[in-house]
Amino acid sequence: MKKYITDIALGLWRLFQGMYITMLNFVRPKFTEQYPENRGEKEYFDRFRALLVMPHDERNHHKCTACGICQTNCPNGTIEVVSRMEADEATGRDKKTLDRYMYDLGSCTFCGLCTHSCPFGAIRWSNEFEHSLFTRSKLHMQLNRPGSSLAPKPAPAPVPAAPAAEPAKKE
Ligand code: SF4
Ligand code: SF4
């Protein structure tokens with residue numbers, strides 16, 4: 001009998017807890033996202049992975065050396081690095097150069113292995129998430145811009161002059 005009454009009291013307490021939460025949310029001010037009208041005001045977390053991009057500077061330079069590490073690490077075959085051999089002006093030797101960096105958004109799982117494994121920081125994530133299209137083939141995109149090239153290495157810092165030797169003391 002004692003257990004029967006305890007169970008009823010416990011059940012009523014749980015019911016009260018549930019109703020309290022319900023009523024609390026009933027009187028709280030409501031917040032509705034007015035998307036897509038608020039598109040320009042929305043802010044996203046920096047770590048949000050929406051689209052893989054290859055940043056270019058104002059001189060159309062990127063940082064991709066066409067090493068292919070990201071392609072090797074991608075588990076879905078989403079990345080295709082197409083390279084060509086080009087004569088290096090500095091050394092006169094043939095050097096691997098990026099021709100096309102192809103990315104298939106349709107097969108990307110946003111795991112981030114490519115950006116983590118790139119040793120040069122040549123690719124990163126953008127917050128651009130609106131990818132609705134009528135044609136799947138448009139999800140297959142080239143990330144390096146036409147006419148772009150690898151950013152030249154920064155000039156080495158000048159070596160500081162050695163301090164002048166002190167004159168020998170006369171004894
Ligand atoms: S996020 Fe993952 S699946 Fe997408 S391209 Fe990078 S490695 Fe491939
Ligand atoms: S994006 Fe990075 S890892 Fe991928 S090919 Fe270019 S330099 Fe290599």
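How far apart do the C-alpha centres of domain 1 and domain 2 lie? They lie 56 Å apart, with domain 1 covering 1-29 and domain 2 covering 45-150; such bounds come from an automatic or database domain assignment. Keep in mind that this is a predicted model, where local features need pLDDT of at least 70, side-chain atom pairs count only at pLDDT 80 or more, and totals for chains, interfaces and linings use all residues. As for labels, residues are numbered from 1 along each chain as its sequence is written, while chains are lettered from A and ligands numbered from 1 in the order in which they are written.

**Overall build**

- The protein has three helices and seven strands, where helices (H or I, at least four residues) and strands (E, at least two) are DSSP runs numbered from the N terminus.
- Along the principal axes, the C-alpha atoms fill a box of roughly 105 × 75 × 35 Å.
- Buried takes 20 or more other C-beta atoms within 10 Å of a residue's own, exposed is 12 or fewer, and partly exposed is in between, with C-beta atoms placed from the backbone.

**The two ligands**

- Around ligand 1 there are 13 residues, of which Cys 74, Thr 78, Cys 108, Cys 111 and Cys 114 come nearest. To be near, a residue needs its C-beta atom, placed from the backbone, within 6 Å.
- That shell around ligand 1 has eight nonpolar, five polar and no charged residues. Here Ala, Val, Leu, Ile, Met, Phe, Trp, Tyr, Cys and Pro count as nonpolar, Asp, Glu, Lys and Arg as charged, and the others, Gly among them, as polar.
- Ligand 2 has a shell of ten nonpolar, two polar and no charged residues, including Cys 64, Cys 67, Cys 70, Cys 118 and Ile 123.

**The largest nonpolar core**

- This core has 13 residues, and Leu 52, Cys 70, Ile 79, Tyr 101, Tyr 103, Cys 114 and Ile 123 touch the most other members. A nonpolar core is a set of buried Ala, Val, Leu, Ile, Met, Phe, Trp, Tyr and Cys residues joined through C-beta atoms within 7 Å.
- Strand 4 (94-104) and strand 3 (79-87) each supply at least two of the core residues, and strand 4 gives the largest share, three.
- Beyond its neighbours within four places in sequence, Ile 123 is in contact with Leu 52, Val 53, Met 54, Cys 70, Cys 114, Thr 115 and Cys 118; contact asks for C-beta atoms, placed from the backbone, within 7 Å.

**Backbone details worth a look**

- The peptide bond from Tyr 35 to Pro 36 is cis, with omega near 10°, and Pro 36 sits in the loop between helix 1 (2-27) and strand 1 (51-53).
- Asn 60 isn't a glycine, yet has a positive phi of about 65°; look for Asn 60 in the loop between strand 1 and strand 2 (61-62).
- Phe 110, also not a glycine, has a positive phi of about 60° and belongs to the loop between strand 4 and helix 3 (113-117).

Notes: Contact = placed C-beta atoms within 7 Å.
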